[in-house]
Amino acid sequence: MTNTLNDRLTRDLSGRATNILRALGAELPPPGELPARTPITGGLLTTLPATMPADADAAIGRAAEAFRGWRTVPAPVRAAVVRRLAELLTAHKTELGELVTLEAGKIGPEAVGEVQEMIDVCEFAIGLSRQLYGRTMPSERPGHRLMETWHPLGVVGVISAFNFPVAVWAWNTAIALVCGDTVVWKPSETTPLTALACHSLLRRAAVDVGADPEVHQLIQGGAEVGARLVDDERVALLSATGSVRMGRTVAPKVAARFGRCLLELGGNNGAIVTPTADLELASRAIVFAAAGTAGQRCTTLRRLIAHADIVGPLLRQLENAYGQLPVGNPLHEGMLVGPLINESAYTAMRSALDRALSDGGELVCGGERVDVHGDNAFYVRPAIVRMPTQTGVVRDETFAPILYVLTYRDFDHAIALHNGVPQGLSSAIFTADQREAERFLAADGSDCGIANVNIGTSGAEIGGAFGGEKHTGGGRESGSDSWKAYMRRATNTVNYSPDLPLAQGIKFT
Ligand code: UN1
């Protein structure tokens, strides 16, 4: 397409983004130094002001002040804000989904799915607001009660990534709010408009139910803005999603001030395919997990560990499916692979492929750039590369659609290969052999935070705890008892007897 046509398309997309923001009731900020781009054309949608460090500090101050009141509002009453947010998200699902497509480049169904994930976690948080259970334990002393109570923690700083620009915010914010915390959000500088939309929907939800809108603050900009959340003692919990490199910088700083960290860092997710696997089902699952979202999920399947007896037919099915994947404008119906987020993502993919080939890898298919909307948009065909060993580049997370294929003969070797990378987020096994499936889920099986049988590595439901081990950072978000990270626990002993017996039978008279 010519440059003029691409420029015209960018202007059209810019208009759509502005209209959506208006429809969502977001106040359009004056122009500033922060560019909001669309990966669809690589063009500029608009600009907005970046938050100055002093303004970030002030936002943390407002959140800290709001916390003083919010912590004493009963949890089921706090849930009203989240309920209203869920209503607004439901009413504006299509528009917010489209904004996610415009800004992050996700195909329509995935973008709307992301908004659904927000609604799901809101519903979870509403129920949770009546289930922030403490325990009562038997006291060893007569006339005593021993119990635990959970209290709000304080200000939660949320640093989120471009690839789930709205759902990961909702995971944190819906739960933090019912837990009685207030939130300061630093979204990816690549996705400022979706952040603006979510912020304004949440503030509106708060106003609609008569709650303090200051419970949520938005700060926009690059790492220097995020650094304010890292260093500020008033931020009790920092929940950060991003690269292992980011986690390495952030975690020691938060630990040095005895703050808490909840880390969702890189994944390098693997799937084992055994000889008894249903190959048709496995290949469908693999294509979604490896090529979906253009390989830009932290749960994307990056390593396939296939038994030598079935690797041939499996690869033929995958190559065939990859050959039919439509790559292009994510706004178009039926599109399955949208663009990479920007040029540096493309450069990283190219250099990973070069490294893989120089390490003895053999390209099965894909990897080439596709010209959809000109030089500034980075569309690629998802790649499959057979690797002789799991060394070098295979051990790194490259945020692009590259699937490395390794083979095995012995099941223990498959598990050793699977666990033989630094990251530990998500994993899967495809098998009809119950022994293999159970072993994969056992203590000496997958070492990941998420381990699945006969489904892919990505696309987790919100009901389970989400997160991973090793370099992934150990954090757990969204469902199950992840809420505990957002609260502090107090152990209480109450003496309702006239005596003062000491624990451990100590006599002190
Ligand atoms: C992420 O990529 O940061 O399990 C989150 C999934 C989604 C969440 C991914 N529910 O793929």
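Reply: In this predicted model, a nitrogen atom of the ligand is 2.9 Å from an N or O atom in the side chain of Glu117, which falls under the heading of a polar contact (a pair of N or O atoms within 3.5 Å; within protein, one must be able to donate a hydrogen and the other to accept it, and residues adjacent in sequence count only if both atoms are side-chain atoms). Arg297 also takes part through its side chain, with an N or O atom 2.9 Å from an oxygen atom of the ligand, whereas Gly459 uses a backbone N or O atom, which lies 2.8 Å from an oxygen atom of the ligand. The protein covers 99% of the 320 Å² of accessible area that the ligand has on its own, with areas taken from the Shrake-Rupley method and a 1.4 Å probe, where for residues only the protein chains shown count as cover.

The surroundings of the ligand consist of Glu117, Asn163, Phe164, Trp171, Arg297, Cys298, Thr299, Ser458, Gly459, Ala460 and Phe466, a residue being counted if one of its heavy atoms lies within 4 Å of the molecule.

As for the basis of these values, the model is predicted, so local features need pLDDT of at least 70 and side-chain atom pairs count only at pLDDT 80 or more, while totals for chains, interfaces and linings use all residues. Residues are numbered from 1 along each chain as its sequence is written, and side-chain values use heavy atoms, with hydrogens and water left out.
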